[in-house]
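Open the model in your viewer and keep the selection panel at hand. The stops below are meant to be taken in order.

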Amino acid sequence: MSQVFHDIEKKIITSLKDNPKQTPETLEKSTNLSPDQIRRGIEWLKLKNLAIVNESKTNVISLGKNGIESFQKGLPEKRLLDLLKNGPKKLSDLQKELGPVFGPAIGLAKKNNWIESSSEQISLKNLPSEFPGEKTLKQIANNKLLENNIDKNDLLVLLKRPDFIIEDIIKSKEITLTDSAKSIKFSSFFGAIDVEAKVPEIFVARTHPLKDTIDEIREIFVTLGFSEIIGNMTQSSFWNFDALFTPQDHPARELQDTFYLDGISAKKIATPEQIRKVSESHKKNWRYYWDINEARKMVLRTHTTCVTIKHLAENKPDEAQFFSLGRVFRNEKVSYKHLVEFNQIEGVVVGKNANLRNLMGIQREFYKRIGITKIKFWPTFFPYTEPSLQTMVYNERLGKWIELFGMGIFRPELTKPLGITKPVLAWGGGIERIAMLKYGLDDVREFYNNNLGWLRSVTKCQ
Amino acid sequence: MPVIELSYTRLQKLIGKVSKKQISDSLPFLGLDIESEDKDLVRIEYSPNRPDYSTDFGIALGLQGLLGIKTGAIKLNIKISKKYRISVKPQVSKIRPFVTGIIAKNGKIDDKTIKQFMTMQEDLHFGIGRKRKKSSIGIHDLDKISFPLVYTTTNRNHKFTPLNSENTQSISEIIQDTDVGKGYGPILGNSSKVPIILDSNQQTVSFPPIINAAITTVTTKTKNLFVEVTGINKDDAEDMLSVVATILQKAGFALETVQISGAKNSTPKLVQKKILVSPMLINQMLGLNLNTSKIISSLKKSRLDASVKGKNIICTIPAYRFDIFGPMDLVEETALGYGIQNLEPILSTSQTLGQINPISSQLKSLSQTMIGLGYLEALNSSLTSKRVLYDMTNRNTSKMISVLDSKSLEHTILRDAIHPGLLENLSKNIHESYPQKMFETGTIFSIGDPISEEVSFSSISAHKDANFTEIKSILQSALKTGFGIKIETKTTTHPTFEDGHCATVILNGKSIGVIGKIDSKIIENYKIRVPVVSFEISLSESIFDTKN
């Protein structure tokens with residue numbers, strides 16, 4: 001199989017075939033690639049065993065600030081002697097002429113016995129043929145030089161002087177081709193890329209996984225012939241409890257289970273007739289003093305059943321199938337299996353098909369459509385349905401039966417006072433629980449964490 | 001729901017010839033959920049409407065029926081006795097007006113039985129007794145009491161030795177110092193008088209609904225029992241007594257009456273009631289076609305009596321089955337006796353056409369539009385906290401809607417905006433790669449009549465180049481593509497947004513929301529290191545026109 005090369009690799013190989021030993025810098029020039037492209041290309045070739053990279057370190061020297069000045073204007077001591085060539089000069093004149101290098105120039109000239117000084121004057125004594133260091137200074141100035149090409153003694157003179165010379169270490173790379181690379185012949189097919197290489201990850205924008213489950217469930221019920229109704233999350237206790245035959249002293253109505261809105265009561269809760277008949281049903285069956293102020297207290301709905309019953313009481317249909325879907329609230333401690341706020345689906349059937357077996361049939365069909373086939377029904381109790389059942393579904397991953405939807409037929413004690421004469425099948429349950437099974441989650445809180453790590457990675461089509 | 005622990009071997013003794021497996025298979029079909037099993041012990045959860053299932057005696061009665069070992073209604077055999085009397089003084093009528101009771105003789109009581117009685121008592125107190133407020137029970141050693149008794153009131157300095165104590169204590173001390181006193185004392189309010197049951201020697205028998213006297217403590221040596229129930233309603237007290245009487249009879253006691261008189265009190269009758277039900281209703285509701293004899297045998301398996309009366313079935317309901325209100329309850333009893341596992345689900349073709357609510361479908365389209373614009377959908381709770389909604393975003397708290405007694409500090413306030421939640425989400429994701437772009441649609445709440453709920457739509461974008469122009473482009477495109485509407489923006493100020501980078505969103509001359517760059521101090525407080533831009537608009541006011 002012929003190897004596939006990136007254009008960068010091809011250019012580098014071609015250049016090295018013409019000129020077998022190169023540095024990255026020379027390759028840049030010969031290939032017209034950027035330093036970064038050269039670096040990457042060499043790296044790729046090295047990994048493919050096509051190029052050999054020899055790294056070496058070299059000491060180089062260049063001129064410092066004072067070195068550059070001395071190169072341009074001459075060494076301070078040379079400039080001093082030049083000034084004295086035409087006869088002795090006053091100390092102050094020399095100082096003015098030479099500026100900051102006056103001190104070192106005088107010092108060096110004296111030390112080498114090139115000058116004589118009297119009280120006020122300086123005069124030339126000897127003029128050297130060559131100044132120490134001058135030759136090397138010129139050499140360095142013309143090029144960055146490798147240390148070993150230079151007269152060591154002469155360099156030492158310069159090194160002793162402050163800021164004349166900068167010493168540096170340069171790492172250099174020498175790139176050569178391996179034998180196998182030398183024999184590579186490029187095909188005439190241009191533009192091939194490394195299709196096996198890793199690519200950057202792009203995060204998709206998407207709907208929330210829980211919303212996907214909600215939409216799926218909504219769609220299933222619509223296709224089963226149910227219509228969606230919606231209602232408020234804040235409800236009077238009347239619709240959340242009283243209309244559903246839950247006595248006012250029932251434990252479920254306590255603060256520790258239900259969220260009451262601080263100091264908020266509804267003025268108008270229902271029609272006078274609805275209020276009268278509901279209260280009569282409570283007094284007769286539960287034997288207690290029914291308090292309208294208790295019914296006025298606003299709560300966060302504990303189920304969507306309040307929306308359903310309100311709709312039924314307003315429309316009194318002879319035949320209907322509808323559902324409501326939305327958030328419900330329970331005053332619970334938040335944990336891996338409990339949320340204070342979660343979604344519930346609830347459906348009802350009114351009409352000639354309203355019987356328990358049909359209610360079970362709807363459940364079975366629904367579960368089948370979300371991929372759950374192992375189900376059974378157990379009797380249970382709800383204050384507002386009679387008979388009441390719950391579905392148990394078997395989860396393979398957890399290896400156990402899990403309780404899902406509850407269901408039943410609305411009690412006549414609650415339908416009659418609201419003028420609903422036909423039997424009403426009702427069922428409902430939490431959606432998060434189904435979504436947890438679907439996404440294999442063990443912690444229900446994940447749905448509301450908005451943790452991008454999870455949202456960006458969870459499989460959408462399940 | 002209450003949970004009790006049962007022993008399979010004890011149940012087997014109480015039921016008759018039955019295997020452990022038969023019991024565990026049948027429990028769920030009695031409406032009892034198995035919580036856990038450990039060898040001989042099984043923990044089950046029962047529904048509060050069946051207080052008779054608070055002991056293994058009651059569950060054994062139910063299982064005998066379901067398994068066909070003993071069917072039909074349980075009859076209470078109560079010997080009428082004149083020996084035991086309680087007279088009630090009128091002064092109790094303002095505090096706890098009713099007392100009722102029964103005698104149970106010649107029973108065997110072992111530790112396990114005492115434990116069952118105690119859980120029964122606790123569950124009855126908690127459930128139908130409404131934490132002892134409505135009615136409460138005292139179970140006493142009959143042989144330590146000398147009849148007749150008097151149910152009257154006493155002062156708070158009245159002294160006696162209460163249960164589980166060795167010293168005499170005054171009523172005030174019991175209410176102030178003991179756990180039961182502190183827990184249930186408030187039921188009696190502040191009245192100077194409290195209810196008391198005294199025997200003929202002026203010895204205290206019980207201080208209802210708080211505690212019994214130590215002298216009448218039931219032990220494994222006790223043979224004969226006296227049970228009293230006090231309460232604020234005569235029927236409720238007798239209902240509770242009927243459960244205890246049924247359990248005691250099953251536990252092997254012989255029942256005798258207690259004669260009660262005075263201040264509107266009378267001897268309990270614990271009578272059965274009769275309810276008529278039509279087989280047609282049963283078949284119609286269950287979707288079955290059972291003949292009357294099958295219905296009758298099913299009802300009997302549910303431990304009721306039933307017989308044909310004309311076209312109907314007349315059903316006899318024992319007193320302890322006060323959960324049965326009318327014919328629909330008998331539909332359920334038939335289904336239980338028939339066996340829920342024998343009901344085959346059917347699916348009738350529907351005559352109705354399904355329809356998605358228009359708001360749901362529009363929100364779904366809006367989601368799709370936002371996804372097309374590269375935004376990820378977030379979901380936050382509507383019940384959130386003051387910290388997230390107001391403290392972190394500098395918003396005004398004057399119209400805050402809070403809930404009472406939340407068990408979770410992070411869930412105390414109903415949101416009046418979505419974007420504070422999205423900001424909080426960004427702060428939890430600062431280690432994830434940028435850009436981070438999210439949107440959310442959902443309900444927001446405000447004080448109305450009494451509460452107004454609106455659908456709101458918010459988006460947020462965080463990355464190093466995030467700016468006003470970007471977020472305005474997003475809003476503009478979303479609304480144009482989503483709903484074909486065009487908005488304008490007008491300079492404004494907002495505590496959450498940076499001055500000079502904040503605008504009101506205007507549709508047809510009306511403000512529908514806010515858009516801008518989040519104030520840098522807020523971003524800093526949240527430890528977010530890139531600029532953040534956001535908008536939030538009300539869809540109820542602009543699109544759906546359904547503010548409710």
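Predicted model: local features only at pLDDT ≥ 70, side-chain atom pairs only at ≥ 80, totals over all residues.

Residues are numbered from 1 along each chain as its sequence is written, and chains are lettered from A and ligands numbered from 1 in the order in which they are written.

**Stop 1: chain A**

Select chain A, which has 20 helices and 16 strands. Helices (H or I, at least four residues) and strands (E, at least two) are DSSP runs, numbered from the N terminus. Chain A is more spread out than a compact globule, because its radius of gyration is 47 Å, well over the 23 Å that the globule rule gives for 462 residues. That radius is taken over C-alpha atoms, and the rule is 2.2 Å times the number of residues to the power 0.38. Along the principal axes, the C-alpha atoms of chain A fill a box of roughly 135 × 70 × 35 Å.

Of the 462 residues in chain A, 39% are buried. A residue is buried if 20 or more other C-beta atoms, placed from the backbone, lie within 10 Å of its own.

**Stop 2: where the chains touch**

Show both chains. How many residues of chain B are in contact with chain A? There are 71 of them, and they meet 76 residues of chain A. Contact means that the C-beta atoms of two residues, placed from the backbone, lie within 7 Å. On the chain B side, the largest share, 6 residues, comes from H10(B), which is helix H10 (327-338).

**Stop 3: the domains of chain B**

Colour chain B by domain: domain 1 (3-66), domain 2 (78-266), domain 3 (273-339) and domain 4 (358-544). These bounds come from an automatic or database domain assignment. The centres of domain 2 and domain 3 of chain B, taken over C-alpha atoms, are 35 Å apart.

**Stop 4: a sheet in chain B**

Select strands E1, E3 and E2 of chain B, which form an open antiparallel sheet in that order. Strands pair if DSSP finds at least two bridges between them. Strand E1 (3-7) and strand E2 (33-38) of chain B are at the edges with a single partner strand each, so one side of each has no neighbour in the sheet.

E1(B) is joined to strand E3 (residues 41-45) of chain B by 5 bridges. Here B:Ile4 stands opposite B:Ile44.

**Stop 5: B:Phe160**

Select B:Phe160, in strand E9 (residues 159-160) of chain B. Is B:Phe160 buried or exposed? B:Phe160 is buried, because 23 other C-beta atoms lie within 10 Å. Leaving out residues up to four places away in sequence, B:Phe160 touches B:Thr168, B:Thr204 and B:Ala213.

**Stop 6: helix H9**

Finish at helix H9 (residues 292-301) of chain B, whose buried residues include B:Ile295, B:Ile296 and B:Leu299. Among the elements that cover the buried residues of H9(B) are helix H3 (56-66) and strand E19 (305-309) of chain B. B:Arg303 follows H9(B) and has a positive phi, near 60 degrees.

How values were computed
Buried ≥ 20, exposed ≤ 12 C-beta atoms within 10 Å, placed from the backbone.
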